Amino acid sequence: MSSTFHASFGTVKGVLFDIDDTLVDLEFAMTTALRNVSEHLLPGLDQAGWEKFGRIFTHETTHFYDRYLAGELTFNEQRLLRGRAALGHFGVELSGEESHVWLNDYALLQPSLVRAFSDVAPILDALDAAGIPYGAVSNNVHDYQRVKLDSAGLERVSVLVGTDTVGVPKPDPAIYLEGVRRLGTDPAETLFVGDNRLLDADGATAAGLLGVWLNRTGEVVVDFKGTEIDSLSRLLA
């Protein structure tokens, strides 16, 4: 059953994936929706400005998302704080009502822009053909991520563990191990693949799984000693 995989992984009897920016291109959906709902607020912004705007929202304000995971903020509160930070960088401050209109517009548009990466269907096809079970483990709540997977055409990813499934986020070992339990595999024979080096590769490895860092952007980390791939296609022999 493990012959589908590159020999360097050893025996693989199950695969767990992160979702955001691993299976689905969330960054594209976020930045495209952001620009759509914010262009009227920033009419003179050039392409470099929009890239900076997107970077602030998606990468430079993740401490707000961490506070959401810790239970200090609601999902919408962290999203609004990230939006205010991005808009504020360019001198735009919204009133309370304007903020909620902006947030609502963004929340309605963003899901329609979520799409699977082109390397996802081939790897799932190969797993299906080999009879290898797979699923997803995410640092967001189950129902929100279920809608996201289905919107991206990934209904066949039926095993899904969210932060509310076990009450803890990655890198707590319990969330990875719940995914393993649902696959019916052994941690040492289960790949965990994700775009976050610390949460997905290191966290899963610490929990006893075979952690793999999906480095789609070519980030250079000199001291990373784990397994790294630049595409899901690299998992296959």
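Let's start with strand S4, residues 190-194: five of its five residues are buried, so S4 is largely enclosed by the rest of the structure. By buried I mean under 20% relative accessible area, with exposed being over 50% and partly exposed in between, using a 1.4 Å probe and protein chains only. Strands here are DSSP runs of E with at least two residues, helices are runs of H or I with at least four, and both are numbered from the N terminus.

A quick word on where this comes from: this is a predicted model, so local features need pLDDT of at least 70 and side-chain atom pairs count only at pLDDT 80 or more, while totals for chains, interfaces and linings use all residues. Residues are numbered from 1 along each chain as its sequence is written, and side-chain values use heavy atoms, with hydrogens and water left out.

Back to S4. Which residues sit on each of its faces? Thr190, Phe192 and Gly194 lie on one side, Leu191 and Val193 on the other, and all of them are buried.

Now its neighbours. S4 pairs in the parallel sense with strand S1, residues 14-17, over four bridges; two strands pair if DSSP finds at least two bridges between them. In that pairing, phenylalanine 17 stands opposite valine 193. S4 also pairs with strand S5, residues 210-214, again parallel and over four bridges. There, glycine 194 has tryptophan 213 as its bridge partner. To get from S4 to S5, the chain passes through helix H10, residues 197-206, in a right-handed β-α-β crossover. Right-handed means that, with the strands pointing away from the viewer, the path from the first strand over the helix to the second runs clockwise.

For the angles, axes are lines fitted to C-alpha atoms, for helices over the stretch in contact, and the values run from 0 to 180 degrees between N-to-C directions.

Next, a helix pair. Two packed helices are described by the angle between their axes and the distance between the axes. Helix H4, residues 75-89, packs against helix H5, residues 96-109, at about 105 degrees, with the axes 10 Å apart. That makes H4 roughly perpendicular to H5; the classes are under 35 degrees for roughly parallel, over 145 for roughly antiparallel, 65 to 115 for roughly perpendicular, and oblique for the rest. Among the H4 residues that meet H5 are Arg79, Leu80 and Leu87, and the H5 side includes Trp102, Leu103 and Tyr106. Contact means heavy atoms within 4.5 Å.

Also in H4 is glutamine 78. Is glutamine 78 buried or exposed? With a relative accessible area of 2%, glutamine 78 is buried, and it touches Phe64, Tyr65, Tyr68 and Leu73, not counting residues up to four places away in sequence.

For contrast, arginine 181 in helix H9, residues 173-183, counts as exposed at 56% relative accessibility. Thanks, everyone!
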